[in-house]
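Please look over the sequence and the structure before reading on.

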Amino acid sequence: MNILSERIYRLAESETLAMTRRSRELKEQGFDVINLSIGQPDFNTPDYIKQAAREALDQNFTFYPPVNGYLDLRKAICQKLKRDNNLDYTPDQVVVSTGAKQALANTMLSLVNPGDEVIVPAPYWVSYREIVKLAEGTSVVIKTGVETDFKVTPDQLEKAISPKTKVFIFSSPCNPTGSVYSREELSALAAVFQAHPGIFIISDEIYELINFKGSHESIAQFPELKDRVIIINGVSKGFAMTGWRLGYCVAAPEIAKACDKIQGQFTSGASSISQRAAIAAIITNPAESEELKNMIETFRNRRDLFLKLLDEIPGFRTNVPDGAFYIFPDVTWYYGKSNGSVKINNGTDLCNYLLDHAHVALVSGEAFGNPDCIRLSYATSNKELTEAARRIKESLALLH
């Protein structure tokens, strides 16, 4: 007799966290492991944000906050949306959560009934499909590849829609590919959704500020869709605040109230100190932030360096990511090869081989719905990226 629920057995462990754990265990054994599996900036939170947290402590913001977040934070989020995205929202449409992941879960649990279909373009962030499982929905995966910059087309979207379709979820900039949808591409998808008024769109925009193309485009900008779009965002990536655990969703009032209701029964409000720090981050105009400009330029330079190094490795097929801090090469050239003791059958085998032999931690594309690829994070120094590429190249050269 199983003592745990069927739900927990259906749920997969996050492979990004699993690989991070494995690399940490090897480090504890004394191995020099370069971890390119983790999805967080390697920058410190800016000092002015940390100062806001100190001031919040001094001002005794140490009591339970409202479930949906402090009003002045929700007002700041609305002001940010108007300033950066030309989108008009009111504070009652914002729910602040313990990270963008909770905002996603709140939204999915608020919208999806058992048997509802959720369209998920692949590659997708690892938790999307697992959150759909928790909501007892059914994921309908649209496959994309490096040859199309890992973007879904209107024709693919139309073919995936059925009478059971309730939600479409995607990210731009994308984790794991770094792909960024243009306004024209989003407009073409919006035209499809306009013909299917019962479908809601969850737009994960957590990497909005790490964008090498310039301005960020949100699918919420199209008036005919706005009431059906749920924006997911937060401060973890653009402001190097992953440990502060502060995200939010923005949606039509009915959906926001539902998310508030669910959160009230799970966790209540997000950390009071994190919320006060987030106000300092969100009121910052990205165009005037030297910290943000420096981080984006550093990531751009790392991307260019790492792409050049990976292009020197036989069998790697890459696109040029326009955002986030990941490269997602097609590595099927190595499938079926062996070093005499280990045979590479898939991306998981390749990542395990490189962890064991090159001591470089990566994540298999299977975790993201594309078994042809692996994900490499370049959120680390040029020195480590150069050394990681050297180790990967030497270890892969042993496969025949």
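A salt bridge is a side-chain nitrogen of Lys or Arg within 4 Å of a carboxyl oxygen of Asp or Glu. Side chains of opposite charge can pair when their charged atoms come close. The model is predicted, and the count by this rule is 22 salt bridges.

**R391 and D32**
- A salt bridge joins the side chains of R391 and D32, at 2.7 Å from N to O.
- R391 belongs to helix α13 (residues 382-396) and D32 to the loop between α2 (15-28) and β1 (34-35), so this pair ties together parts that are 359 residues apart in sequence.
- R391 has a relative accessible area of 12% and is buried.
- D32 and R391 also belong to a network of salt bridges that links them with E387, R390 and E394.

**R276 and D72**
- The side chains of R276 and D72 form a salt bridge, with 2.7 Å from N to O.
- Because R276 lies in helix α10 (residues 272-282) and D72 in helix α4 (residues 71-85), the pair ties together parts that are 204 residues apart in sequence.
- R276 is buried, at 16% relative accessibility, whereas D72 is partly exposed, at 36%.

**E290 and K293**
- E290 and K293 meet through their side chains in a salt bridge of 3.7 Å, N to O.
- Both residues, E290 and K293, are in helix α11 (residues 290-311), where they sit three residues apart, about one turn of the helix.
- E290 counts as exposed, with 54% relative accessibility, and K293 counts as partly exposed, with 39%.

How values were computed
Residues are numbered from 1 along each chain as its sequence is written. This is a predicted model: local features need pLDDT of at least 70, side-chain atom pairs count only at pLDDT 80 or more; totals for chains, interfaces and linings use all residues. Side-chain values use heavy atoms; hydrogens and water are left out. Helices (H or I, at least four residues) and strands (E, at least two) are DSSP runs, numbered from the N terminus. Buried means under 20% relative accessible area, exposed over 50%, partly exposed in between (1.4 Å probe, protein chains only).
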